[in-house]
Amino acid sequence: EGALRLLSAVLGTLAVGATMWLAREMGEPRAVVPAGVVAALAPLHVYYSQEARSYSLLCLALMLCHWTLWRALLRPRPAAWGAFAASAWLALFTHHFAALALAPALLVAWRQPGFLVACVAAGLPWAAWIGWSWLVNTQIVRGYQWVTALWNAIPPALALPKSFEALVFGPQQGSIPGFFKQFTVLAFPAPLRWAGVAMLALLCATALAPWRDGEDAARRKAWLAAVVIFPLAAL
């Protein structure tokens, strides 16, 4: 188990580096530091990078998916689409919720034949796995009942804001009922919490504005917003 924990920590660190690299490739140099800070200091990422589970690998695989897709869009060659298909296959078979993070790619790539072929190559085996998991293996279905219980315990209007807060600087006592292990006993001072919320709002506004800097940049920002919002809205 110790070796698996070490491997998970290494994968989590690589995921932070991949996040910074992706910010540089898809954005500009000034995006690297904020992306790296958020990825490196997000309490849930730090916590799950210490567990011998699949989540740090999932984060790394998703960064590879977005990077290989971006490279394929810049230079649409069979090898580039093959790299995207391989990384998408890795992400999907690491955790099937990866599909929620990959779906927004349709905004920027749905006109590319190579993208559709790559999706079929990675998606068909995954769909067969999902069919078996959810229709035959009832234990897996029961394992996700916490999702329903969690959303039912949070007012719908606060579901997305509370999720953003938890993902960026961690949940705390009373913020998300009965979950997230030791985070349920942490209590931030109110001024510190609201300062964090203000910084998060400023970071989001900086990432998405201005919109009048070219069609390509606007599409990338719409893609970014969809990648952040769509998985939570779908759940």
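## Exercises on a predicted model

F84 has a relative accessibility of 4% and therefore counts as buried (buried means under 20% relative accessible area, exposed over 50%, partly exposed in between, with a 1.4 Å probe and protein chains only). The model is predicted, so local features need pLDDT of at least 70 and side-chain atom pairs count only at pLDDT 80 or more, while totals for chains, interfaces and linings use all residues. Residues are numbered from 1 along each chain as its sequence is written, and side-chain values use heavy atoms, with hydrogens and water left out.

**Exercise 1.** Classify the ring pair of W81 and F84.

Step 1. The structure holds seven aromatic pairs (rings of Phe, Tyr and Trp, the last by its six-membered ring, pair if their centres lie within 6.5 Å; planes under 30 degrees apart count as stacked, over 60 as edge-to-face and the rest as tilted).

Step 2. The ring centres of W81 and F84 are 6.5 Å apart and the planes stand at 80 degrees, so this pair is edge-to-face.

Step 3. W81 and F84 are three residues apart in helix 5 (residues 78-94), which means a separation of about one helical turn (helices are DSSP runs of H or I with at least four residues, numbered from the N terminus).

Step 4. W81 is buried too, because its relative accessibility is 7%.

**Exercise 2.** Describe how helix 1 (residues 2-26) and helix 4 (residues 55-74) pack.

Step 1. Their axes come within 8 Å and cross at roughly 25 degrees (axes are lines fitted to C-alpha atoms, for helices over the stretch in contact, and angles run from 0 to 180 degrees between N-to-C directions).

Step 2. Helix 1 and helix 4 are therefore roughly parallel (angles under 35 degrees count as roughly parallel, over 145 as roughly antiparallel, 65 to 115 as roughly perpendicular and the rest as oblique).

Step 3. Residues in the contact include L11, A15 and W21 of helix 1 and L60, M63 and W67 of helix 4 (contact means heavy atoms within 4.5 Å).

**Exercise 3.** Is S49 buried or exposed?

Step 1. S49 lies in the loop between helix 3 (43-48) and helix 4.

Step 2. S49 is buried, because its relative accessible area is 7%.

Step 3. Neighbours within four places in sequence aside, S49 is in contact with R5, S8, A9, G12 and S56.

Terms used: Helices (H or I, at least four residues) and strands (E, at least two) are DSSP runs, numbered from the N terminus.
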